[in-house]
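Let's walk through this model together, starting with one loop and then moving out to the sheet and the whole chain. Please keep the sequence and the 3D view open side by side.

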Amino acid sequence: MSVTAAQGFTAAGIAAGIKANGNPDLALVVNHGPRLAAAGVFTSNRVKAAPVHWSEQVLRGGSVGAVVLNSGGANACTGPKGFQDTHATAEKVAETLGEPHNAGEVAVASTGLIGVLLPMDKLLPGIEAAAAALSADGGEAAAIAIKTTDTVHKTAAVSVGGWTVGGMAKGAGMLAPGLATMLVVLTTDADVDGATLDRALRSATRTTFDRVDSDGCMSTNDTVLLLASGASGEVPAYAEFAEAVRSVCDDLARQLIGDAEGASKDIRIEVVGAASEDDAVEVGRSIARNNLLKCAIHGEDPNWGRVLSAIGTTRAAFDPDRLNVAINGVWVCKNGSVGEDRDLVSMKDREVRITADLATGSESAVIWANDLTAEYVHENSAYSS
């Protein structure tokens with residue numbers, strides 16, 4: 001259930017001293033081949049962290065032999081020095097691992113506070129310690145080392161026949177992605193090339209990580225990588241492989257929303273009857289980002305009027321007098337007006353299901369969100385301290 005579930009990968013997670021509290025903060029994942037194929041998607045935020053710029057360049061080469069990830073500092077908005085530090089990190093990994101590794105095939109990812117330079121006097125020696133700790137059983141330790149405000153580490157794996165897709169993720173805040181979400185490393189021992197990885201990854205993230213919208217805030221560091229070792233020797237059919245990647249991404253995405261900062265409710269927002277998938281996604285995101293609705297759900301109040309007001313701010317095609325809304329299976333709004341008795345809605349469970357029917361077409365989409373709590377406000381008001 002981790003990045004080392006697939007053959008051909010080792011990983012490690014150690015405490016390098018980047019975090020003042022002494023918790024694990026440096027992870028290393030190594031692809032031992034024979035194939036070093038890779039694909040990646042990154043944040044669409046125009047303000048990108050130095051590791052994102054670096055890893056985007058690495059991915060253009062199509063080969064990744066190792067990924068080094070740190071928590072405790074995002075290395076974002078750190079100027080030329082931040083990019084130099086990222087380069088130095090990749091160089092150190094290549095030097096420590098030795099031939100055939102080179103810095104141009106080392107992806108780098110960072111997470112933590114924006115605007116703070118990384119303590120390179122701790123990070124670089126930490127790479128040596130992480131390399132010494134590499135193990136085929138090191139996936140869980142690596143997942144623990146990339147946590148920031150996460151309360152739990154997040155791993156997943158799927159095996160099909162003789163090959164496997166595994167992965168790890170971190171993320172509990174700033175979950176409003178564009179192409180990707182937080183830091184995610186996926187691995188497979190299937191024998192697939194970079195083009196196939198890219199196609200499967202983009203297809204998977206489009207309907208999983210890109211449909212998680214916790215707090216409307218997009219990170220500067222979002223990175224999702226998919227590496228293939230080819231160690232199983234199995235060449236799966238594309239549809240089967242793509243579904244395995246999607247399944248692991250979906251599992252990790254659900255874990256992200258389940259660990260969202262301060263959340264007490266997971267909200268499944270399904271938009272149906274849309275004229276297009278884009279309309280369905282836009283409406284779903286608008287509902288997910290409505291703070292009044294998120295507060296109402298925290299208070300277990302089935303306030304369907306806030307759903308309608310969120311729908312009304314979008315460019316989607318709909319007739320206000322034909323809108324329908326269900327909360328946990330009770331159609332509290334029918335034809336843009338009062339529906340079934342809202343007192344029939346039970347919201348005691350962790351998961352709350354909202355269905356918004358635009359009654360315009362046949363397209364649909366699901367967005368996952370969470371409630372807005374006092375704990376979320378407290379955690380983010382005290383984050384940098």
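Where is the place of C77? C77 sits in the loop between strand 4 and helix 2; here helices (H or I, at least four residues) and strands (E, at least two) are DSSP runs, numbered from the N terminus. Before going further, please note that this is a predicted model, in which local features need pLDDT of at least 70 and side-chain atom pairs count only at pLDDT 80 or more, while totals for chains, interfaces and linings use all residues. Residues are numbered from 1 along each chain as its sequence is written, and side-chain values use heavy atoms, with hydrogens and water left out.

Back to the loop. C77 has a positive phi of about 60° although it is not a glycine. The loop between strand 4 and helix 2 also holds N75, whose phi is near 50°, again a positive value in a residue other than glycine. N75 is buried, with a relative accessible area of 1%; buried means under 20% relative accessible area, exposed over 50%, and partly exposed in between (1.4 Å probe, protein chains only). As background, most residues other than glycine have a negative phi, and most peptide bonds are trans.

The peptide bonds deserve a look too. G33 and P34 are joined by a cis peptide bond with omega about 20°, and P34 lies in the loop between strand 2 and strand 3 (37-42). Another cis bond joins E99 and P100, with omega about 5°. You will find P100 in the loop between helix 2 (79-97) and strand 5.

Four strands form an open sheet in the order 1-2-4-5, with mixed pairing; two strands pair if DSSP finds at least two bridges between them. Strand 1 (9-14) and strand 5 (106-111) stand at the edges, each with a single partner strand, so one side of each is left without a neighbour in the sheet. On average, neighbouring strands of this sheet are turned by 10° against each other, direction ignored. For such angles, axes are lines fitted to C-alpha atoms, for helices over the stretch in contact, and angles run from 0 to 180 degrees between N-to-C directions.

Follow the pairings across. Strands 1 and 2 are antiparallel over six bridges, with T10 opposite V30 in strand 2. Strand 2 then joins strand 4 through five bridges, also antiparallel, and L28 stands opposite V68 in strand 4. Strand 4 (residues 66-71) and strand 5 run parallel, joined by six bridges; V67 has A107 in strand 5 as its bridge partner.

How many residues of strand 2 are buried? Six of its six are. Helix 3 (residues 120-132) lies across strand 1, strand 2 (26-31) and strand 4, at about 50° to strand 2. Contact, here and below, means heavy atoms within 4.5 Å.

Finally, step back to the whole protein. There are 10 helices and 15 strands in it, and its C-alpha trace spans about 70 × 50 × 35 Å along the principal axes. Buried residues make up 55% of the 385 residues. Among contacts between residues at least 6 apart in sequence, 79% join residues at least 24 apart.
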